[in-house]
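Please keep the sequence and the 3D view open while reading.

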Amino acid sequence: MAASTDSAGSPRFSIVVPCHASRAWLRPCLDSVLSQSCADFEIIAVDDASPDGSDRILDEYAAADPRVRVLHLSENVGLGLARNAGLKECRGDYVLFLDADDTYRPGSLEAIARRIEATGRPDIVMFDYERIHWDGRVVRNQRHDAFAREGDGVFTAAERPVFLTFLEVVWNKAIRRDFLTLHGFVFTAGFYEDAPWTYSTMLTAERIATLDQVVVHYRQHRTGGNIHATATRQQFDIFDQYDRVHAFITSDPALAGWRRFAFDRSLDHILAVLDKPERVHPDDRAEFFHAAAAFAKRWKPEGYVVDRTRRGFRRWQIVHDDYATYCTLKLSAKVLSVPSPRKAVGKLLHRDLDPNLALYGAYWFKQYACNPRAIYEKATELAPQLRGVWVIDADHVAAIPEGVEYVVAGSPAYAKLCAKATYFISNMNLPKELEKREGQIHLQTQHGTPLKTMGTDLRHYPVAAKDLDLDELMRQVDRWDFNLSANRYSSEIWERTYPAHFEELEYGFPRNDRLVNATLDDVRAIRASFGFDDSHLVVFYAPTFRDGVDSVRTPSGLVDLGGDGIHLDLDRLAAAAGEHGRVLVRTHYSLSKHPSARSPRVVDVSEHPRVEDLMLAADVLISDYSSISFDYANLDRPIVLLVDDLGSYDHNRGTYFDITAFPPGLVARSPEELLSALQTGAFAKAEAAKHRQLFREKFCEFDDGRAAERVVRRLFLGETDLPPITPLADRHPAPSPHRL
């Protein structure tokens, strides 16, 4: 889509946001701009042929806010050329560049605007930044004191060279657009494109100003998400980019004084890249080093002598192509460790895995349920050669149906199977004492679409995150090979809050296959098992738990505090459902306290082995912040949410979006409202159905009844040509018998 040009007045700022495979962080990035107090800007978002659905997010924002315009590139061209595409569309007085995983601090654009006016519209305004790490640590720019010490007034780079010792990045500056146009500045292709841009603009600018304020939060990915932290041959682009820097300086005699400065800076940058194995693969290190020496030979200033410092000696090694000394010093800087004989023998003993052995577990080995169950049952059909064994806690062996092979968690037989199994399929993390061996594969199936705050995001909620050990959590997440997702919304959150190297499988939730595939006869049979027929209005009440009230999270899982999560008088609920009303009530799986009711029309189904059947039996779901609403929406039946404690819940646990602003049906803010909705039938009216349809379109995206098949074919059979997702409009779940 080509961006259109508005004939109206130009905005103060044009902010170019190039995007490639950044969906996990794209929303926070755009939100940080759109929420600025200064609204006089445009965002030029450039979709650099993103493969992960980032393009859809950009289009969503553009449809919602006219300040956002999107360019969709037909092929992946890289960061520099994507910025050039956005730059051509800019109409603002000043241009800024923001990477799709970084954010602006509140009030930043207003502060930049004030500084521009105070300094008489300089060519460049340079501002500060902080590094924000995955675990929440915020680290200040090491040279931030230069802003207070040398940032007054307006100057040239020659007058304040300290500002060219900062990171060579483009996103810490606002640049006057007519200055860029006058000099024809554009980005180069390849990695490290920031370097020639930074030197050419800063050395050309006649008027530079600074803003002593943190504007950008520069994200530091735990998994090296920055494209520069990728061990490919593109790391060799650094030599081409610095060739351009030195060619630019050499082309202008007036810049001769910068040759030594730029040479030292370029060698330091090259050495920094060389030192990082995540950038330069060890097999390429010698070639990279010798390419650096050739670069130094091309551009070494006449009479160049290195400083008598450690940094100077490292530069000397490059200048003299002394790879032997570099390697010797690099090795001596590390502590050499020899694996213990016990560990070495252990690896040999466990090298031979059984390729046809899979272990399954659900809810901390307490149930035969959820996505692992659906995958297990589909595997018995499509991959009969696979031996599937369920891991179950000793106190919950009765949960395993007859005919299903199981092993008791913690037993010697369990340890033996763990050493041999190739596959682990679970909806929770593996026990921390379990050592995952080379060649073993862990599929994390999850057990719900996340409305509640999860993973690393819990650090913002001390009540919910009691005793949260982020290091241990990441050690567990690092063992995931695959992660299952029911919709793109979930994928964004899983990738952001569990920063690891797993592969996202956007296949839908296997447990919901039953909801989509069940027939009307199946539904009637399930209802009959409870004594219900078509005349009964079956209400399914399934609330979640409250952190710190009903249960508390610990590193080993949820601990029951004795609550039941019930926020309704169950007898009144049964009465509100009418003479033919029946209530099924289920407490959260982590809670042991059973709900109490006197009415014979209330049935406690907390111990029922299959929640999918309870959903199929129900004509209407009543819930709150539970993920069950996302599953039940697949049935296209009425949903009512009771959110009488929304404020305290958001404070204690937090949610990823306001469920009352985008609900799956009717929202009741008190028990009285909910009971009234049942009595009047408002829960099934057209307004509620409209909300439900929008909710289904967003969150039931991949749940088409073939999720388990996709998992089995990909994981166990190694197939890549998987059944396509059936569009929502072509799915026809069994209707509610009560409404026929």
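Phe163 is in contact (heavy atoms within 4.5 Å) with Met126, Ala146, Phe147, Glu150, Gly151, Phe155, Met202 and Thr210, leaving aside its neighbours within four places in sequence. The model is predicted: local features need pLDDT of at least 70 and side-chain atom pairs count only at pLDDT 80 or more, while totals for chains, interfaces and linings use all residues. Residues are numbered from 1 along each chain as its sequence is written, and side-chain values use heavy atoms, with hydrogens and water left out.

A nonpolar core is a set of buried Ala, Val, Leu, Ile, Met, Phe, Trp, Tyr and Cys residues joined through side-chain atoms within 4.5 Å. Buried means under 20% relative accessible area, exposed over 50%, and partly exposed in between, with a 1.4 Å probe and protein chains only. The largest nonpolar core has 60 residues, and Phe163, Trp197 and Phe288 touch the most other members. Helix α9 (residues 259-274) supplies the largest share of this core, seven residues. Helices (H or I, at least four residues) and strands (E, at least two) are DSSP runs, numbered from the N terminus. A second, separate core has 39 residues, among them Ile43, Leu58, Val169 and Ala209.

## The parallel sheet

Seven strands make up an open sheet with parallel pairing, in the order β12-β11-β10-β13-β14-β15-β16. Two strands pair if DSSP finds at least two bridges between them. At the edges are β12 (406-408) and β16, each of which pairs on one side only. On average, neighbouring strands of this sheet are turned by 25 degrees against each other, direction ignored. Axes here are lines fitted to C-alpha atoms, for helices over the stretch in contact, and angles run from 0 to 180 degrees between N-to-C directions.

Within the sheet, β14 (residues 441-444) and β15 run parallel and are joined by two bridges. Leu443 stands opposite Phe482 in β15. Helix α14 (residues 370-382) lies across β10 (354-361), β11 (387-392), β13 (421-426) and β14, at about 145 degrees to β10.

Asn356 lies in strand β10 and is partly exposed, with a relative accessible area of 31%. Leaving aside neighbours within four places in sequence, Asn356 is in contact with Gln385, Leu386 and Arg387.

## Helix α17 and its cover

Helix α17 (residues 488-497) is mostly covered, with eight of its 10 residues buried. These are Tyr489, Ser490, Ser491, Glu492, Ile493, Trp494, Arg496 and Thr497. The cover over them includes α1 (23-34), α2 (54-64), α16 (470-477), β15 (482-485), β16 (503-506) and α25 (686-699).

## Aromatic pairs

Rings of Phe, Tyr and Trp (its six-membered ring) pair if their centres lie within 6.5 Å; planes under 30 degrees apart count as stacked, over 60 as edge-to-face and the rest as tilted. The whole structure holds 45 aromatic pairs. Tyr129 and Trp171 form an edge-to-face pair, because their ring centres are 5.2 Å apart and their planes stand at 90 degrees. Tyr129 is in strand β6 (residues 124-133) and Trp171 in the loop between α5 (145-150) and β8 (173-176), so the pair ties together parts 42 residues apart in sequence. Both Tyr129 and Trp171 are buried.

Phe365 and Tyr414 are also an edge-to-face pair, at 6.4 Å centre to centre and 70 degrees between the planes. Phe365 sits in the loop between β10 and α14 and Tyr414 in helix α15 (residues 412-420), so this pair ties together parts 49 residues apart in sequence. Phe365 is buried at 12% relative accessible area, and Tyr414 is buried at 10%. Ring pairs also link Tyr489, Phe630, Phe657, Phe662, Phe695 and Phe699 into a cluster.

Tyr541 belongs to strand β17 (residues 537-541) and counts as buried at 1% relative accessibility. Apart from neighbours within four places in sequence, the contacts of Tyr541 include Gly565, Ile566, His567, Leu584 and Ile622. The side chain of Tyr541 reaches the backbone nitrogen of His567 at 2.9 Å.

Arg610 is in the loop between β21 (602-604) and α21 (611-617). Arg610 is buried, with a relative accessible area of 12%, and touches Arg373, Glu377 and Arg514, not counting residues up to four places away in sequence.

Conventions. Polar contact = N/O pair within 3.5 Å; in protein donor to acceptor, adjacent residues only side chain to side chain.
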